[in-house]
Amino acid sequence: MPGFVVAQPLVFGLANGAAFGLVAIGLVLIYKSSRVFNFAAGEFVTLGAFGTYVGSSVVKLPYPLAMVVGVLFGTAAGLATERLVVRPLNDRPKVTVLVATAAVAIVLIPFELMIGKVKPFPARPAIHGVGVKILGVYVSPQQMLIMLALALSAIGLAWFFGRTDLGLATLATSQEPTASRLVGIRLNRISLLTWGTAGFLGGLAGVLLPPVTSNFTAGFGTTSVLISAFTAAVLGGMTSIPGAFVGGIVVGIVQAMAQFNVNKLPGLHDLPGPNSVAILVVLVGVLLVRPTGILGKEA
Amino acid sequence: MRHRTRIAAVGLLLCALVAAACGQKKGVHLAAGGGGGASAGASVGGTTGAAAAGGLSAAAAAGTTGTAGGSSAAAGTPSASAGGSGTPSAAGTTGATTGAKAPTTGATSGPVDRTGVTDSEIRIGIHAPVTGAAPFPVTAFSEGAQLYFKYINDHGGVNGRKVTVFFEDDQYNPGTAVQVCKKMVEQDHVFMLVGGGGTDQIVACAQYAASVGVPYLAEGVAEAPLKSVTSYFALSMSYPQQATLLAQYIKNVLKKTKVAMIRADTANFEDAHTAFAAAAKAAGLQCSCDFKLPKDAGQPEAQTAAGQLKSSGAEVVYPLMSPVVWLNLVAAAHGQLYDPRWAGVGITLGLNDAANVACGSIPNGASFFSPFPGIDKIDAIDPAYQKAYQQYYGKSGGDIGIALWGAEKLLAAMLAAPGKDVSRQAFVAAVNGKSFHTGVYPDVNYSKSRFGGTAVHVLKADCSKRQYTTEFLFKSGF
Amino acid sequence: MATTLERPVEPPSARAGTDRGQRPSPAGWAARGGVVVALALISLLYVFSNKEFRSDALAAAVVLAIGALSLNVLVGYAGQISLGHQAFIGVGAFTSAYVISQSNQSFYVGLVAGAIVGGLQAVVLGLVALRVRGLYFALVTLAWGFVGENSIFRSRGLTGGGAGQPAPRPGGFTTDRAYLLICVIALTVVLLIDWRLVASKAGRALQAVRESPQVAANYGVNVRAYTLFAFGVSGVYAGIAGALFASQRTNVVAVDFTFALIALPYLIVTVVGGLRRRGGIVLFALVYILGQQYLPDLAKHLHNRFIIDNAGFVVQATSGVLAILTLIFQPDGLGTVTAPIGRWLKGEPFVFGSRGGAGAEGLSVRP
């Protein structure tokens, strides 16, 4: 097809997709352990970005320390959501918990707006510089950093679930909660651990993603990351960590390709927001045609 | 069955009550409005003609100290001249000429609306975004919005009246702009409205203001949607008017020929677009003029747009959009290693806050036409600004303050035009056909149309200081 | 759940039958009538003793109430979750604005068009809901909301792009007080429809479908038809809310219909007001908007600059906390208070406690 751009969206898609993947892994962890859809996940991301901003621009910490603050913000949000909102609703229908997690976002977004107002916050990259030229386009250090973070997180989680007692206990809980409790696994601990990890991953995505685009706004995690991450998780079957990993990359690339190329299709020249349309198409397509996702065993 | 009828009856009763009360409402409302108007009219009428010892002329005298800072037209004196030659006329004549004229205008044009004007006060309402896609920093904005009138009120006011400024945040949303303008008109009873920036909001509020007979002033933006709004006056050159200047600037100053224009997708930028495409063609430039992106475009749209601009190969890009979207765009373009020279028109794009963020991503520079001069030249053309800022706030003022100072200085000159008998009708009649000279904003001349701007300043990003410096003052051709 | 199936939301006739022994005395009726008249008078007094812009806020509250009632049909009656209500409301708003200002039709034609198109888009979404179950459908609505927000509403041909689409108020109703009357009439109509809907066969069928689609199908309920019906009704309410919203603001742009500004607050109002509790929902919509209106005044007395500047955000955050507390402790929300009062007004004795509302099971959704 003449005029189609490939290399540039591929780079954007890979980097954004890596961030979606991080968040999607968090969604999958929670879904595996408690069958809950976590709609607060987007705000774990925003808090990560916010923490970095507060750390570097308000408290004037060195940048690496500010990044740690960001990740801690995300993790704390994950833990607090579990303890204060999810655990009291343990025996309720899952949709109640879903609405409650959405309510967490409802609480957090205005808080961010109160502190930061309705305007963008600057986000400076961890490493400055043009980056490396691949396929005729440049990949910035920040973009490489996100992909690296996703890869490390995936390896770390694989090790955790495959090699550590706690990881095995978490897996066991997700498959047989009652039996797990009988063998002495403390479900509340496991639940807290899962949510903390999801918060950590979300926070990490929030620390790394905004510098790619140089700024972020209050609530951006919910408005521009959450649905992509969910679609990634659904693509991966909702219960598969490698699936979420791959799903994130796929969603990132599909969105970027749509954003760059849909306006070159006949009749769609003036279609705004092609990436949002692409998400809806992918999501509905997967749910209608192959509800178990691409990599998932069960949905 | 019984329940149904009973509840239906209750519902009907409620409706009837509300309806009855509403029917009553109109009369109540009119009576109140009429009463207020009458009392205001009486009090003003009683003092008309008395003691026109102009506060504004006093202020003007105070302002005359600073002259000639490298600009030909520089003078600190706000003044109005009836013929509209644009030459600086002596301070104090303003009050005399228009003072004589205004009462006759008021007398001939039937109903006279003096809302917002008393013996001692004129209320004006300003709307501007301090949140949204083009946020002014709220402190700088609220300080700046009050400064000139604090200063002039302490120097006798405008024809003896103090000016009170009301401010509302329009959130860069035209619907909100109409709501806050309505609030200032209905609740704060302002005499007139002033737009602080943002084309869609200015157009929406100007149209609302016209519908309720309230005069409206704002920087020059679009023309087409404001052609029929006879109570609107542009404080500076409109975007279509600046098109020719910009094309000349690109050709003769930047010495480039391949240019692109990208604009936010709103009907209100159509005339700016058409005018620039024509001007570029006339100047012999090669223009890819048809790029658009959503008004509140985020990163994905900015990246796509940057990719399109890059493939157009333009050396100069004219962005017509909010600062936030422009900042996204420059970051996206730079990220794709596309670094054009940015050049355009606009009010908010030329603010130092924009330069501060953009500077990481604009190695080939950026310059914008602006109605106000840069911070480096304000002392030369109007030293009263920094003195006043120091006096009232104990610190030196920034460029947002200059923008507001300049606009309000012009506004004060226009408010003085009808003389002592200020009504909405007299104001519009007195401003129409006149020209005003204040020395900060370029002169305006309303003799041909209400889009009276005559010149521009040019601000150029100086990334060593991360702010704009003044490249040209008072230019009407390149 | 089976127990509630045996006793669906009781139709008025059945209730009248069971309560016949405890009919109020004439004095009781007088008291009830007095309360209704007093409430109406207080409302009128409020509207006319305050400036016009207070009526504008009330109109906004009424629009919010209708929008939340729309969400209530989906979440409360049909057991479907919607997190994309900004698309529902926005479609109605832009349809109406387009019809009024681009097709030069009257406001009333715009209102009807908004309701119809709002209903149609909801039915299309309902078709997806028939195939995509439960929690996953929530994702579809979320994605649909963003398509509205980022794509459809930014399409200049339809919505005017950045300048927005003007939606002037109808002749004779341009003032805030007069426009409030239109909104109140619309709310009354929606409430009456909703009341009849729940008490009718459709309402009982919807409840059966909500509890268990399989069981409902076995009883001969047409699950597909009733699900689509619920979506259609919700879409029509949302379309009406959108059309009223457009003319309340007189100009609408894409940024008016965001996830944070519409979808989340509407969901809060529905949950805190109480699922299946019309009175609670309307009451909390009122509290939500009036809170934003009066909080700055209150903060001025306390000289708290922060709250003055952030009233809207403070109210939203507080409501979010209320929503979480509601879900945890009191699934009936404000309905706990309004429902007994409503029953009392209809002639039953005053008994505190919930009946036929969200109840202990809170939200339920098809698995």
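**View 1. Helix 5 and helix 6 of chain C pack against each other.** In this predicted model, helix 5 (residues 85-101) and helix 6 (residues 107-131) of chain C lie with their axes 8 Å apart, at an angle of about 145 degrees. Helices (H or I, at least four residues) and strands (E, at least two) are DSSP runs numbered from the N terminus; axes are lines fitted to C-alpha atoms, for helices over the stretch in contact, and angles run from 0 to 180 degrees between N-to-C directions. The crossing of the two helices is right-handed. A crossing is right-handed if the near helix is turned clockwise from the far one by less than a right angle, and left-handed if anticlockwise. Residues of helix 5 of chain C at the contact include C:Phe88, C:Val91 and C:Ile100, and those of helix 6 of chain C include C:Phe107, C:Leu111 and C:Gln121. Contact requires C-beta atoms, placed from the backbone, within 7 Å. By class, the contact has 12 nonpolar, 7 polar and no charged residues. Ala, Val, Leu, Ile, Met, Phe, Trp, Tyr, Cys and Pro count as nonpolar, Asp, Glu, Lys and Arg as charged, and the others, Gly among them, as polar.

Residues are numbered from 1 along each chain as its sequence is written, while chains are lettered from A and ligands numbered from 1 in the order in which they are written. Because the model is predicted, local features need pLDDT of at least 70 and side-chain atom pairs count only at pLDDT 80 or more, whereas totals for chains, interfaces and linings use all residues.

**View 2. Helix 15 of chain C has a kink.** The kink is about 80 degrees and is centred on C:Ala311; the bend at a residue is the angle between axes fitted to the seven residues ending there and the seven starting there. The helix has 25 residues (305-329) and should span 36 Å at 1.5 Å a residue, which agrees with the 33 Å between its end C-alpha atoms. The expected span is 1.5 Å times one less than the number of residues.

**View 3. Helix 1 and helix 5 of chain A cross.** The axes of helix 1 (residues 7-34) and helix 5 (residues 141-163) of chain A come within 9 Å and cross at roughly 35 degrees. This crossing is left-handed. Among the residues in contact are A:Leu14 and A:Leu22 of helix 1 of chain A and A:Ile146 and A:Leu150 of helix 5 of chain A. The contact has 12 nonpolar, 3 polar and no charged residues.

**View 4. Chain A touches chain C.** Here 39 residues of chain A are in contact with 40 residues of chain C. Helix 4 (94-116) of chain A gives the largest share of the chain A side, 16 residues. That side divides into 31 nonpolar, 6 polar and 2 charged residues.

**View 5. Chain B has an open sheet of 7 strands.** The strand order is 8-7-9-10-11-14-15, with mixed pairing; two strands pair if DSSP finds at least two bridges between them. Strand 8 (286-293) and strand 15 (467-475) of chain B stand at the edges with a single partner strand each, so one side of each has no neighbour in the sheet. On average, neighbouring strands are turned by 20 degrees against each other, direction ignored.

Methods. Contact = placed C-beta atoms within 7 Å.
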